[in-house]
Structures are given as C-alpha cells and as structure tokens.
Amino acid sequence: METVLVATDGSEYAETATDVALDRAAARGAKLHVICVVDSRRVEEPALGSAELTTVYAEDHARECVSDVRERAADRGLSVESTVRRGIPHEVILDYADEVDADVIVVGAHGDHGEHFSGVGQEVRESSEREVVVVSE
C-alpha cells in the first residue's frame with residue numbers, strides 16, 4: 001500500500017496540494033498522512049512573555065489546518081494520520097516522511113506567510129530521494 005504525505009499550512013497552495021494528495025490516496029487506496037509545521041524561525045518556545053500569544057496562535061492554526069484535511073479525507077472515506085510539529089518546515093517534513101516511510105510527499109509551492117524564508121516545496125524536492133509533488137496552482 002502506498003503512503004502519501006501532504007504538508008499543509010492552510011494557504012491556497014496547500015489547499016490545492018491537499019486536493020492532489022486526497023485524489024492520489026483515493027485512486028491508489030493509499031494511507032494518507034498530513035503534517036503542519038510551526039516554523040520555529042517565526043515563533044518562540046511557549047513561555048511567559050510577549051511571544052507566547054503568537055506561538056499559541058501558530059500552534060492553534062496548525063491544528064486547524066490538519067483538522068481540515070482530516071475532515072476532507074473522512075468525507076472521502078480515507079484513513080488519515082496527522083501531526084503538528086515545530087521546527088524548520090522542510091527539515092521536519094523530510095524527517096516525518098522518513099518516519100512514516102512516505103512514498104510521495106505533496107506540498108504547495110508557496111506557503112502562508114508574509115516573509116518567504118525559502119521555498120519549502122523546492123527545499124523538500126531538492127533534499128529528498130522520495131517522489132515529491134510540488135503543487136504550484
């Protein structure tokens with residue numbers, strides 16, 4: 001059985017990547033994994049201080065993103081496992097792909113953030129020996 005991993009951040013590109021991943025999982029009877037990474041370059045560790053609210057918001061947003069994909073998968077009768085992790089997005093996505101032995105990683109070309117640290121999809125594609133689908137529309 002194939003394993004499909006989709007990375008989401010709730011952006012328009014991530015929504016389209018989710019559609020691609022759901023279609024692929026449904027067509028191939030694949031197991032679907034979804035991950036949302038809270039970018040550690042943008043938020044600090046939860047602690048007492050002004051950054052705490054930003055961190056809490058980012059983690060809540062990440063949980064909402066994976067919940068949305070879980071609901072969309074359930075509507076199609078697909079089984080899905082999801083996780084929210086913290087770190088450098090492309091690194092965490094690649095580590096999780098190894099953890100679940102993903103056959104394919106599906107990720108959007110652009111993320112949901114004001115500053116473009118690097119193309120996460122491009123970084124994943126360049127750093128992975130797995131099949132990577134970077135959705136750009």
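**Salt bridges, sheet and cores**

Helices here are DSSP runs of H or I with at least four residues, strands are runs of E with at least two, and both are numbered from the N terminus.

Before going further, the ground rules. This is a predicted model, in which local features need pLDDT of at least 70 and side-chain atom pairs count only at pLDDT 80 or more, while totals for chains, interfaces and linings use all residues. Residues are numbered from 1 along each chain as its sequence is written, and side-chain values use heavy atoms, with hydrogens and water left out.

Back to that pair. Arg72 and Asp68 form a salt bridge, with their closest N and O atoms 3.8 Å apart; the term means a side-chain nitrogen of Lys or Arg within 4 Å of a carboxyl oxygen of Asp or Glu. Arg72 is buried at 19% relative accessible area, whereas Asp68 is partly exposed at 29%. Buried is under 20%, exposed is over 50%, and partly exposed is in between, using a 1.4 Å probe and protein chains only.

By that rule the model has 14 salt bridges. Another one joins the side chains of Arg76 and Asp23, at 2.7 Å from N to O. Arg76 sits in the loop between α2 (51-75) and β3 (80-87) and Asp23 in helix α1 (residues 12-28), so this pair ties together parts 53 residues apart in sequence. Both ends are partly exposed, Arg76 at 39% and Asp23 at 41%.

Asp101 is exposed, with 51% relative accessible area. There is also a network of salt bridges with shared partners, made up of Glu2, Arg24, Arg28 and Glu131.

What touches Ser128, leaving out residues up to four places away in sequence? Leu94 and Ile105 do, contact meaning heavy atoms within 4.5 Å. Ser128 lies in the loop between α4 and β5 and is buried at 14%. A polar atom of its side chain is 2.9 Å from the backbone nitrogen of Arg130.

Now the sheet. It is open, with 5 strands in the order β3-β2-β1-β4-β5 and parallel pairing; strands pair if DSSP finds at least two bridges between them. β3 and β5 are at the edges with a single partner strand each, so one side of each has no neighbour in the sheet. β2 (residues 31-39) pairs with β3 over 8 bridges, and Leu32 has Val80 in β3 as its bridge partner.

Finally, the cores. A nonpolar core is a set of buried Ala, Val, Leu, Ile, Met, Phe, Trp, Tyr and Cys residues joined through side-chain atoms within 4.5 Å. The largest has 22 residues, and Val4, Val6, Leu32 and Val34 are among those with the most contacts inside it. Its largest share, 6 residues, comes from α2. A second, separate core has 15 residues, including Ile93 and Val124.

Note on methods: A polar contact is a pair of N or O atoms within 3.5 Å; within protein, one must be able to donate a hydrogen and the other to accept it, and residues adjacent in sequence count only if both atoms are side-chain atoms.
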